[in-house]
2 protein chains.
Amino acid sequence: MESAIDTHLKCPRTLSRRVPDNYEPPFPMFVARADASLQQVVMAYFGVQYKQESQRAAALAALRHIIGSFDLADGPVRHDLTQHRDNEDHQNLMVVAYWADPAAYCRWLCSDEIKGWWDSDERLTEGLGYFREVVAPRVDQYETLYAFTEDFPGIGGVMGETSGDISEHGYWGSMRERIPLSQTDWMQANGKLTVVSGDPNKGGRVVIRGHDNIALIRSGQDWMEAGEQERALYLDEILPTLEDGMDFLRDNGETVGCYSNRFVRSIDIDGNELDESYNIGHWRSLEHLERWAESHPTHLRIFVTFFRVVAGLEKLRLYHEVSVSDGKEQMFEYVNCHARTGMMRDAVVPDVG
Amino acid sequence: MESAIDTHLKCPRTLSRRVPDNYEPPFPMFVARADASLQQVVMAYFGVQYKQESQRAAALAALRHIIGSFDLADGPVRHDLTQHRDNEDHQNLMVVAYWADPAAYCRWLCSDEIKGWWDSDERLTEGLGYFREVVAPRVDQYETLYAFTEDFPGIGGVMGETSGDISEHGYWGSMRERIPLSQTDWMQANGKLTVVSGDPNKGGRVVIRGHDNIALIRSGQDWMEAGEQERALYLDEILPTLEDGMDFLRDNGETVGCYSNRFVRSIDIDGNELDESYNIGHWRSLEHLERWAESHPTHLRIFVTFFRVVAGLEKLRLYHEVSVSDGKEQMFEYVNCHARTGMMRDAVVPDVG
């Protein structure tokens, strides 16, 4: 048994855990480990939005262009593709890309090719929407959790190594306690989402400013290799409740502090669906995420099912990664997206006094 | 908004809460308050056990004898009566009595009348079982929680006063945080339940020694004054799931650290059922109770229903009280009870080496 918090990230606590140090979890779970040289990562979600099915080919081409740009100098370490129908019934293709070095990301982002393409007036006239939602948490600002030990998706794939059984799981509050910063910091939200440029209701280019400690969860399910029984477990037993919960957050997120919630399906480069999905949720704070997860019937049902089956899982892969980030390490930009896209929905227009 | 921990019981924390101080609960709840002169209370459960329905009259007479003895000098401040069918299908009548002064309880317990009756050989030959399960928590070792503000049952009735809206509720871990001792102490179990006198399998007189921080929960429902809609809410929606959970703990408590669980129905002095019930659960520690409550499907279902309806409750009264106690402040004694009664089931016989 080891701590989810890697040894080099341990520090003297000013905030205690909610369970004693001799707590023993009811089943084994694992986290990703990285070399101590890893200090900060970048999680960048790039989206292409379209309304009409007839635009799909163009949207896929745009997505492929973005993916192609990853081959430029200082591109991401890894990426994966998804699609989802959003809260306004628009279709969205997304690629999430991970960098292990914010400086490299910065050079990539500011390169002529990337900057030129994003800033080009062509983006305003193609009839497609685009967005970039990027956070760059330090290693003490995120956690991972896997019910398996190999080929980690997402940020775990960037980190590269696997822990042994970890102690901080199986109880409410363990997510927070896996984040190293929780040793000394409540990670509370400050400020509000703010429109700093453009007007969401007019389309065009919009920039939203975030705030400290927006929480981002990627919570995934991979049934690619699952046998018949585990496919049925996922598709018949877990998925319907999961969809109820995700629909609730997509449509009622404002009421619980969830800024944006997308339940996305993995796709290949041609847009074909894969047997993998995940949820991408942006929350006002970790605390808001905790309160919802601990009290909403749909999430509690998923939790109960997970508890019941996790020890017997073979090929059905369930995992999540959760981060908080500093406001200055966030970027939320939209081009021609509908006004309820991503962080735009809950952003306030500042008083010009 | 005020803290569940009364001002005179606040102390510098060595253990932090799991939510920040600016946490706001989703609905109002209340705790009992007592004068600062109250230092320690006694919660004493006296039981009469019988197997055959034909013994009921004798058992009720025995219960009435016990209740009559409360009128002796130094008797309890208040008491209430219940019945339940137990894990071996025996019937049990219980009276719980509360003292606000352990010294008074001690004098009452050691009086000739009480001691003489309990120690009498007649208790061994009447064909009835008897038990006494008593804990004496200090005021920093227990908490209460009510969805209403008047005529508190149980220990709240002894304490006499009512708080305003309290902060520590509506999240997992709040039970612990309402107990003043949680500011500085994990309240962990030490030792085991131990048979110190007699042999549970032989019947007769048995004394069980407890250990520090056994947790005792009384969790109640009172639908006496409830209108048609709230009766239906309780009887049709809450009760079936509650019974599932209570049956699980009664029959499988060993697996989760629940020493004893009795879902009891309130009765009047003649043995007639009242529209009131509660659960009496003894747990190895608060932590064991927390883990079960936070993960068992039945309890999560109850929790979800409670969250949904609590703000609208009018006459349906839901509450609980939870204590931990020092091992030296516990007494578990059995006369002629079956071997799975109360603390006997999980008690170990010490090696005589």
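Chain A holds an open sheet of twelve strands, paired in the antiparallel sense and ordered β6-β13-β10-β12-β11-β3-β4-β2-β5-β14-β9-β8. The model is predicted: local features need pLDDT of at least 70 and side-chain atom pairs count only at pLDDT 80 or more, while totals for chains, interfaces and linings use all residues. Residues are numbered from 1 along each chain as its sequence is written, and chains are lettered from A and ligands numbered from 1 in the order in which they are written.

**The sheet of chain A**

- Strands (E, at least two residues) and helices (H or I, at least four) are DSSP runs numbered from the N terminus, and two strands pair if DSSP finds at least two bridges between them.
- The edges of the sheet are β6 (142-146) and β8 (194-199) of chain A; each has a single partner strand, so one side of each is left without a neighbour in the sheet.
- On average, neighbouring strands are turned by 20 degrees against each other, direction ignored.
- Four bridges join β8(A) to strand β9 (residues 203-209) of chain A in antiparallel pairing.
- A:V195 stands opposite A:I208 in β9(A).
- Helix α8(A) lies across β10 (214-222), β11 (258-267), β12 (273-283) and β13 (317-325) of chain A, and runs at about 45 degrees to β10(A).

**Two helices of chain B**

- Helix α7 (residues 228-252) and helix α9 (residues 297-309) of chain B have axes that come within 8 Å and cross at roughly 155 degrees; axes are lines fitted to C-alpha atoms, for helices over the stretch in contact, and angles run from 0 to 180 degrees between N-to-C directions.
- α7(B) and α9(B) are therefore roughly antiparallel, the term for angles over 145 degrees.
- Residues making this contact include B:L233 and B:F248 of α7(B) and B:I302 and B:V309 of α9(B).
- The contact residues divide into six nonpolar, five polar and three charged; Ala, Val, Leu, Ile, Met, Phe, Trp, Tyr, Cys and Pro count as nonpolar, Asp, Glu, Lys and Arg as charged, and the others, Gly among them, as polar.

**How the chains meet**

- Chain A superposes on chain B by a rotation of 180 degrees with 0.0 Å of shift along its axis (RMSD 0.0 Å), fitted by least squares on the C-alpha atoms of residues with pLDDT of at least 70 in both.
- That is the relation of a two-fold axis.
- A:S16 is the residue of chain A that comes closest to the rotation axis, at 2.7 Å (C-alpha).
- 18 residues of chain A are in contact with 18 residues of chain B, contact meaning C-beta atoms, placed from the backbone, within 7 Å.
- α8 (286-295) and α9 (297-309) of chain A each supply at least two residues of the side that touches chain B.

How values were computed. Two residues are in contact if their C-beta atoms, placed from the backbone, lie within 7 Å. Angles under 35 degrees count as roughly parallel, over 145 as roughly antiparallel, 65 to 115 as roughly perpendicular and the rest as oblique.
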